[in-house]
Amino acid sequence: MPVKLLLVLVFSFICHALHAQHFVRRELTAELEIPWEIQCSNDGNLWISESQGRIVKVNPTTGIGKQIFKAKDYSDAHPSEKSTLCHKPSPGSGCLGLALHPDFNVDSPYVFRLYSYLKNPLGTPQTKFKIVKIELNKNRDSAIAVWDLVLDLPTGFDHLGGRILAIKEKGNYYLFVSTGDNGTADDGCYSNPALNPNNLTQDPNTLNGKILRYHINGSIPSDNPIAGNPFYTRGHRNPQGLIYNAQFQLLYNVEHGDKTDDEVNLLQKGMNYGWKSVRGYHNDNNRAGEAEAVSQYTPNPNIAGDQLVEPMYAWCHSAQPISSFYLDWCTPAPSDGVLYSGNSMPFLNNCLLITTLKDGANTNQEVQCIRLSSNGKSVAEISNSRPNVFTLFSEDGIANGRLRDIAISPDGSTIYLINNGGIGSGRDKIIEYKYAPKNVLVYPNPVEDELYVDATDSIENINIFDLNGNQINTNYVPNSHSIDVSNAANGFYVAQVKMQSGELFRVKFIKK
Ligand SMILES: [Ca+2]
Ligand SMILES: [Ca+2]
Ligand SMILES: [Ca+2]
Ligand SMILES: [Ca+2]
């Protein structure tokens, strides 16, 4: 029996083509109704915000869900507010973000959530969003108190944003909120386009198309860009995602563009992210007037250091045909994401994992992985062996449906996705992908004559190639776990191991 030497697992050699196959997929049984946010607490439980103002806690082992909270004052619109001219008839029409207190896993059993309610129900009713703080009991399986933290956030007929994030930064606790422009595409919803609320995103004194920052008690931090104003950044269209990078204290948002330019932005306090006149990257002039809007930008004198900031990453920046169908546009409709920093899946380290909603001609319902540079402030340089954008779970896109959010188990080994809708997806649900690496070991390395192969799956065959891709003549005996390489000249080779599952592994070794 040869001594097993250091076994060279050339995992990265092929992992981008194959790692999707290293996951075991399972649908949890919990029945959900239009879930929006999923968070995982340190005990492994899943926390989900749903439409109709619910919060559901799901045990990931049993897959069973339990209602923890239901907002008594949830409303998706007063009849007087509805419009038959708009693509969606109701303003509000949804319950959106959920966030766990930054110390939830320690001593603060609080959950924050955002939902729509009716302001002034006895006068002229208006649908607005609010953020409430919910206290849970000791077992964290029911709500025992609720406080209104932030009232009067705007709603509209589309582009509702609606993500919230609770973070602790240098001892300070903040609540970030993404608000959509609350407007619609030019589809007749507003007979006078000047009344479309998407015109308000540049005005820091409105709440449309903004990232807002509050203290965690709902008050406004004294060092916000404008005193007494929750405004933190502006110029956003429909920011559905907020992601925090705890290592470097960086904040990213993910937003839907119009026909082009879905974006990931590194959010810098007070800055302007461009919408509506500037879309995606600044140098592509992919919209009439964009170059002038960039070169002639006038900073707002009330905002220190104000400037236009380009997205860190933009999808789909070539102009799309005006008449084309939305499923043909190359924008993938990204919803939310997480920054992966676990140890279990090294090929995902330092990647933003972003869920997408759209199954179109050029897009899939999948997880897009965007690798960041080491300081987290930009997208990593492109290289063949380490692509900076790649996808996961595209092959399950139809069964998974429209992916709304993603969470990672505390040990970093499991990805949870939630969907709401999509042809073929069957129902709204949680989809679990547990990482199950399959290993192939070759030894000894270097080898003289017989190369042994250990695998966690059944082997169908083994072929040997030199580094130029030429196949080497060998005698592989079917169903055996070794191959005779005594005829090969000295040098570097690749053993290509094909499993009966069809999966291929390629492992480098040295013949001497
Ligand atoms: Ca999320
Ligand atoms: Ca932008
Ligand atoms: Ca542009
Ligand atoms: Ca597709």
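This is a predicted model: local features need pLDDT of at least 70, side-chain atom pairs count only at pLDDT 80 or more; totals for chains, interfaces and linings use all residues.
Which residues is leucine 353 in contact with, leaving aside its neighbours within four places in sequence?

Residues are numbered from 1 along each chain as its sequence is written, while chains are lettered from A and ligands numbered from 1 in the order in which they are written.

Figure 1. The chain has three helices and 31 strands; helices (H or I, at least four residues) and strands (E, at least two) are DSSP runs numbered from the N terminus. Its radius of gyration is 26 Å, close to the 24 Å that the globule rule gives for 512 residues, so the chain is as compact as a globular protein of that length. The radius is taken over C-alpha atoms, and the globule rule is 2.2 Å times the number of residues to the power 0.38. Along the principal axes, the C-alpha atoms fill a box of roughly 90 × 55 × 45 Å.

**Figure 2. Leucine 353 in the largest nonpolar core.** A nonpolar core is a set of buried Ala, Val, Leu, Ile, Met, Phe, Trp, Tyr and Cys residues joined through C-beta atoms within 7 Å. A residue counts as buried if 20 or more other C-beta atoms lie within 10 Å of its own, exposed if 12 or fewer, and partly exposed in between, with C-beta atoms placed from the backbone. Buried residues make up 42% of the 512 residues in the chain. The largest core has 87 residues, and Leu352 and Leu353 have the most contacts inside it. Leaving aside neighbours within four places in sequence, leucine 353 is in contact with Gly337, Val338, Tyr340, Leu348, Val367, Cys369 and Ile406; contact means that C-beta atoms, placed from the backbone, lie within 7 Å. Another core lies apart from this one and has 15 residues, among them Ile462, Ile464, Val485 and Ala495.

**Figure 3. Hairpins from β2 to β5.** Two strands pair if DSSP finds at least two bridges between them. Strand β2 (residues 35-40) pairs with β3 (residues 46-50) in the antiparallel sense over five bridges, and proline 35 has glutamate 50 as its bridge partner. Five residues lie between these two strands, and glycine 44 in the turn has a positive phi of about 95°. β3 and β4 are antiparallel over four bridges, with isoleucine 48 opposite valine 56. Three residues separate β3 from β4 in their hairpin, where glutamine 52 takes a positive phi near 65°. β4 is joined to β5 (residues 65-70) by five bridges, again antiparallel, and valine 58 stands opposite glycine 65. The β4-β5 hairpin has six residues between its strands, with glycine 63 in the turn at a positive phi of about 80°.

**Figure 4. Burial in β2 and β4.** Five of the six residues of β2 are buried. In β4 (residues 54-58), five of five are buried. In a regular strand the side chains alternate between the two faces of the sheet. Arg54, Val56 and Val58 point one way from β4, and Ile55 and Lys57 point the other way.

**Figure 5. The open sheet β18-β19-β20-β21.** Its four strands have antiparallel pairing. β18 (334-340) and β21 (389-392) stand at the edges, each with a single partner strand, so one side of each is left without a neighbour in the sheet. Neighbouring strands are turned by 25° against each other on average, direction ignored; axes are lines fitted to C-alpha atoms, for helices over the stretch in contact, and angles run from 0 to 180 degrees between N-to-C directions. Four bridges join β20 (residues 367-371) to β21, and glutamine 368 has threonine 391 as its bridge partner.

**Figure 6. The loop at asparagine 302.** Asparagine 302 is found between α2 (290-295) and β17 (313-315). This residue is partly exposed, with 13 other C-beta atoms within 10 Å. Its C-alpha atom is separated by 9.9 Å from that of glycine 270, 32 residues apart along the chain.

Notes: Two residues are in contact if their C-beta atoms, placed from the backbone, lie within 7 Å.
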